[in-house]
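Please open the structure in your viewer and keep the selection tool at hand. The tour below goes from one selection to the next and says what is to be found at each stop.

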Amino acid sequence: MGAPSSLNAVHRPLVFSLNGQRVELSSVDPSTTLLSYIRSETRFRGPKRGCGEGGCGACLVMLAKYNPKTKEVKESSVNSCLVMLCSIDGCAITTTEGLGNQRDGFHAIQKRLSAFHGSQCGFCTPGMTMAIYGHLKHEQQHQQKETAENGNCTNGAVAKPCSGPTSQEMERAIQGNICRCTGYRPILDVCKSFASDVDLEDLGLNTCWADKAEAKEEKLPLYDPKGDPTFPKFLIDELEARKGIQENGHARTLREEDGESLKARFTHVDSNMEGEKMRAWVSPKSLDELSAALKQLKGRKDRVKLVVGNTSSGLYKEIATIDVFVDISQIPELLTVNKNSRSLEVGAATRISELMDYLVDFRNKDGTGNVVAEGLVDHAKKLAGGHVRNWGSVGGNLVMAQKFAFESDLATILLGAGALVKVVTLTEGSEPSVAEMPLDDFLAKGTLNEDGLLQSVYIPLISDSKTDSKIVFKSYRGAPRPYGNAVSYGNAAFLANVSRNEKDETVIESVRLAFGAFGTNHAIRAFKVEELLKGKALSLSLIKESVALLKKEVVPLEGTSKKDYRVSLLVGFIFDFLNSLLSKEPTVTPTNLFPHTGKQNITIADDNYPLSQPTAKFLSQQQASGEATYCDDIPSPPRCLYAAFVLSTEPHARIKGIDATAALESVGAVDFVSLNDIPKGGGNKGIFNAFDHSEETLFAEDIVGYVGQPLGVMVADTYDHARLAAGRVCVDYDTHSVGAPVMNCHDALAQGSTLPTYPPSPLSVKHPIGNVEKALAEAEFNLEGTVSTKSQNHFYMETQTSLAIPDEDECITIYTACQGVDPVQQSVAKCLNLPLNNVRIITRRLGGGFGGKATRNIQISTAVALAAYKLRRPVRISLDRNTDMQMVGGRNPTETSYRVSFTKSGKITALKADILLESGWYADVTNFLPLLMSGTLKKYNWGTFDVKYTICKTNNVPKTSVRGPGHCEASAIADAVMNHVASYLGISGNKVRDENLHTPESFQLFQGEGSGDVGFTLPAIWERAKALSKLEEREKQIETFNEQSKWLKRGISIVPSVYGVSSYPMTATVSIFKDGSIVVEVGGVEMGQGLYTKVRQAVAFSLRSLWNKGKDVDMVSKIRVLQQDSFSLPNTFADGGSTTSESSCAAASQACEVLVQRLQPVKEKLAKDKGGEVTWADLCMTVRSWFYTPGVHSRTLRCNFFVTIILCYV
């Protein structure tokens, strides 16, 4: 296609600052996001690629804007994965490296995240840093505004401006962030450490103080806002100069009479075999300019998108298909704000967070707060995350709800509040016309015509008009996460004017009932229910009638997931609202979201120093500052290419052919790598399973077995081009000759599609235990039931990523994020027909693994290695979140049917269970699950026991290890049976569990060799947990509450857990340099469990006889743990089983024992010669040129230097 001749670029470069440095770009691709630019074109790697949807917060940066008119600077945290690069002209961008770094000094937030152990895998930590910082700046800006308005706030302390934010406010800072490691507790402690009302003694374990009695603010890393980054002066001068040009009339305005030449702000041309494709960025400064631009674009084939914040791209992936971006964020008519004592009108381009600020400041005539404004703000705080609200616009959210049926909370609450909208029509040859309409009419339009534009939103903020009535506004939402940052399953907003009649009854004078997100095209009003309630005295019978009518009025569309649940949510919402008008007794348990409270009581002693000391995680400050390097942070080598998988779209089909012709004609496409490119002698080996040495194919050969199975990889010059080209590969399937796909366990069982279990190990005890059939026949009570457990995704923050670099002599080096380098090395070697010493695998750290990078990563690395081997160029891949979740199967679903017998007291006498395990197309580790599940199932004394496992092969993506594989499923099954028995007998589940805990004898019988010889401690732990939690006392309180409460009921449960632990052989090397510093290599991978930190402490402890605590050296700080490298530490094993840290520490300790044996005689001789203590430095300085031979005391052997490396297996 030819480049559109009427798109001409205006030659003014894009200017902004990045961490205080000027950036000037004369050529910009309009489709480039800020995240892509930072990661591909700069040295900064703090903003991470996480979800790519604005949902995880890993990519956060600070964006500051300067207003030349008011001379004000506004700072806010934004998701750089959503921000278009072209939209930051004149802005100042700060990444976490710009906030603080190792060379210039870390920021107080980064130091506190380290001190409070708020970083584990560390991938989310840069985002957490910026989230907390952004919230602090927002609070400071709010305080400054109050100071300017009131003039009565003094800022004496530098640590906290004015009174400072509260704990509740600070905890909201990370609402838009996800952490998959810490459980949030330590991060919330960091947030609260900046609050004005925090009790420091309530904060958790940290390295700022060892004893809570020592908790003082001065011991925290000092935060001085005066040291924060400021808006660069060169940008202020630039913006002031632009303002002067505009005021002097030199700025050119685009109007319709300019003809056919559309002045685009930026243009970019992509060339491919099909021709050229131009993308453009247009920045109109008025409705007139917008009208002119749209007129010239009308009738063309270009896809046009109006953008303000572009946050819609998080859900609707259309950026790559857009030809012309029209930035309407600077049009004054879309930014207007009009407010009086009864209403607020905001322009459609107003950011959602700005709307919230306006509502917070809103006051009635008498100066009191407005109930509608307060209700809108409270609900809006749960809309997406704060960073999305900072950049997303009010109008954009409403247009998404109208155009895409987006489950918008904002649309629902504004509809409930009675909002109106203004729609402007940009008519050719005349002034724009404006029409006002109710919000529900706007939403019902489905989409605006190409000349229509949402201009503003009018919100009536009514207050009580007379003394005998009052305004009530309440909103509700049901979502996966109560804190927000998740799309609702259902939401509602209700506005009522109520009064009391002469009988003292509640009368509903008028009411608005808005419902949304329940499986409808847009939020709606329940007009029939409104009409039913209007003017009537409220009663329980009227509420019941309203609920029945509502069920008929809110009907989810066909295909809606969880339909019954969504309707039940709406019923609960209206019932709670109406009941609250009738009675003060609540019907919904209030969720006190903020602040979180808890206690940590830990006794710290010097015994086994430094093992016993709280220690900041190794390199945690660098993780917070974004300087810790993850696989995708490694700079791309010269001539590096990028890969994207081509995946099957059919669950079960025969491959008739794969045509990559169109894909190879795409922009930037280089090659399609497939099965045919495996070198001679190599094999189609994608995954080598280190557990049972089984193998999976790299690419599907003749038959595809599941949606998401790799068929090949597309290689191009950028990530985006590779993904676009991969989408153009055409695959011809034959679905008729292979039969219907097997999609669940029951179908697999019916068709005999099963896999064998792994041969029993010594830990798999005999089945059955006792005579189950006899116990069932003689039982006092019998029950049958079923239990299902669903799959679960890993959602590690760092997606699967690898970088393959060809080297000399047919060698290849692969940097990858994996839980074990040895299986990757073996798979790559088998695929490429190379010896293992030609394949080098390096892993420094993971951004989370949870089992998902134990086996499934191997296929990703092998595919990239094949592409690099074929093309003889570096190739890298970083899966986008959707592809990652499609290729990596997650936890195994299970289906269990059981029979259980028991006595009246709840004592169980028999359990017989049939457990179906879904493996997917390949077994992966599923055949090991019976071994893992059996031990956990036997955490209770079942009397007699028999279980049968069947592994079902289905046409689903292969399932794999996920956090406690097998154990979680088995524990859920066991406790479901317990609860079933308790429910049948009408007694507490806790009592049934009490009745069926093991004795030492029964535990030995059930667990056999796996029971160990350290004693059976579960009963003692159980009793201690009950005592510490005051279980019996709380059960009585709950029983009393339930008797008195009509609608709300409470419960409490205590559940035991057993976990089968087994360790794997682990390797380690310890090397001492002549300056006394130490490097250690271990066979484990640091993925957030603190492996390197523990190893450092273990090495320091093991060498304790060679150095003097407190007088000599901080030994831990002298120890560095290196990345895992298959060349320097071969024949390792994958991380798993929760024992990698322990095994690695043991191996390193054994190496240290050898060193101590060698060096101790030297130290003793030096002490004797010196006549005093020998420091670590003295010892290392001495042995650097002398090698001491144990047993030969009369002489030493001179050499040039001293280095000891010990390789130990444990």
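**The whole chain**

Begin with everything displayed, and keep in mind that this is a predicted model. The secondary structure comes to 34 helices and 44 strands, and the C-alpha trace spans about 100 × 80 × 75 Å along its principal axes. For 1210 residues, a compact globule would have a radius of gyration near 33 Å, and the protein, with 33 Å, agrees with that. Of these 1210 residues, 54% count as buried, while the protein exposes about 51500 Å², of which carbon and sulfur atoms supply 50%. Among contacts with a separation of 6 or more, 75% are between residues 24 or more positions apart.

**Colour by confidence**

Now colour the chain by pLDDT, which averages 89, with 92% of the residues scoring at least 70. Select residues 1-5, where the pLDDT is below 50 and where the model has ten contacts beyond near neighbours in sequence. Then select residues 761-765, for which pLDDT also stays under 50 and which have nine contacts beyond four places in sequence. Where pLDDT is low, the predicted coordinates should not be read in detail.

Select Leu-34, which lies in helix 1 (residues 34-41). Is Leu-34 buried or exposed? Its relative accessibility is 0%, so Leu-34 counts as buried. Leaving aside residues up to four places away in sequence, Leu-34 touches Val-61, Ser-80, Val-83, Met-84, Leu-85, Ile-88 and Ile-93. To get a sense of scale, draw a line from Leu-34 to Thr-801: the two are 767 residues apart in sequence and 21 Å apart in space, C-alpha to C-alpha.

Next, select Val-307 in strand 10 (residues 304-307), a residue that is buried with a relative accessible area of 4%. Its contacts, again not counting residues up to four places away in sequence, are Trp-281, Phe-325, Val-326, Asp-327, Ile-328 and Ser-329.

**Aromatic rings**

Show the aromatic side chains, among which the structure holds 19 aromatic pairs. Select Tyr-489 and Tyr-565, an edge-to-face pair at 5.6 Å centre to centre, with 80° between the planes. This pair links distant parts of the chain, 76 residues apart, with Tyr-489 in the loop between strand 17 (469-478) and strand 18 (490-500) and Tyr-565 in helix 17 (residues 563-582). Tyr-489 counts as partly exposed because its relative accessibility is 21%, and Tyr-565 is likewise partly exposed, with a relative accessible area of 38%.

Move on to Tyr-642 and Tyr-719, which also form an edge-to-face pair, at 4.8 Å centre to centre and with 65° between the planes. Here Tyr-642 in strand 21 (residues 641-647) is linked with Tyr-719 in helix 20 (residues 719-726), 77 residues apart, and both Tyr-642 and Tyr-719 are buried.

Then select Tyr-476, Phe-494, Phe-515, Phe-573 and Phe-577 together, which ring pairs link into a cluster.

Arg-963 lies over the face of Phe-850, at 4.1 Å from the ring centre, and Arg-1050 lies over the face of Phe-1041, at 3.7 Å from the ring centre.

**Backbone stops**

Most residues other than glycine have a negative phi, and most peptide bonds are trans. With that in mind, select Tyr-609 and Pro-610, between which the peptide bond is cis, with omega near 5°; Pro-610 is found in the loop between helix 17 and helix 18 (620-624).

Asn-1131 is found in the loop between strand 41 (1124-1125) and helix 33 (1140-1170), and it is exposed, with a relative accessible area of 53%.

Note on methods
Residues are numbered from 1 along each chain as its sequence is written. Side-chain values use heavy atoms; hydrogens and water are left out. Rings of Phe, Tyr and Trp (its six-membered ring) pair if their centres lie within 6.5 Å; planes under 30 degrees apart count as stacked, over 60 as edge-to-face and the rest as tilted. Helices (H or I, at least four residues) and strands (E, at least two) are DSSP runs, numbered from the N terminus. Buried means under 20% relative accessible area, exposed over 50%, partly exposed in between (1.4 Å probe, protein chains only). A charge sits over a ring if NZ of Lys or CZ of Arg is within 6 Å of the ring centre and within 35 degrees of the ring normal. The radius of gyration is taken over C-alpha atoms; the globule rule is 2.2 Å times the number of residues to the power 0.38. Contact means heavy atoms within 4.5 Å. Accessible areas come from the Shrake-Rupley method with a 1.4 Å probe; for residues, only the protein chains shown count as cover. pLDDT is the predictor's confidence in each residue, from 0 to 100.
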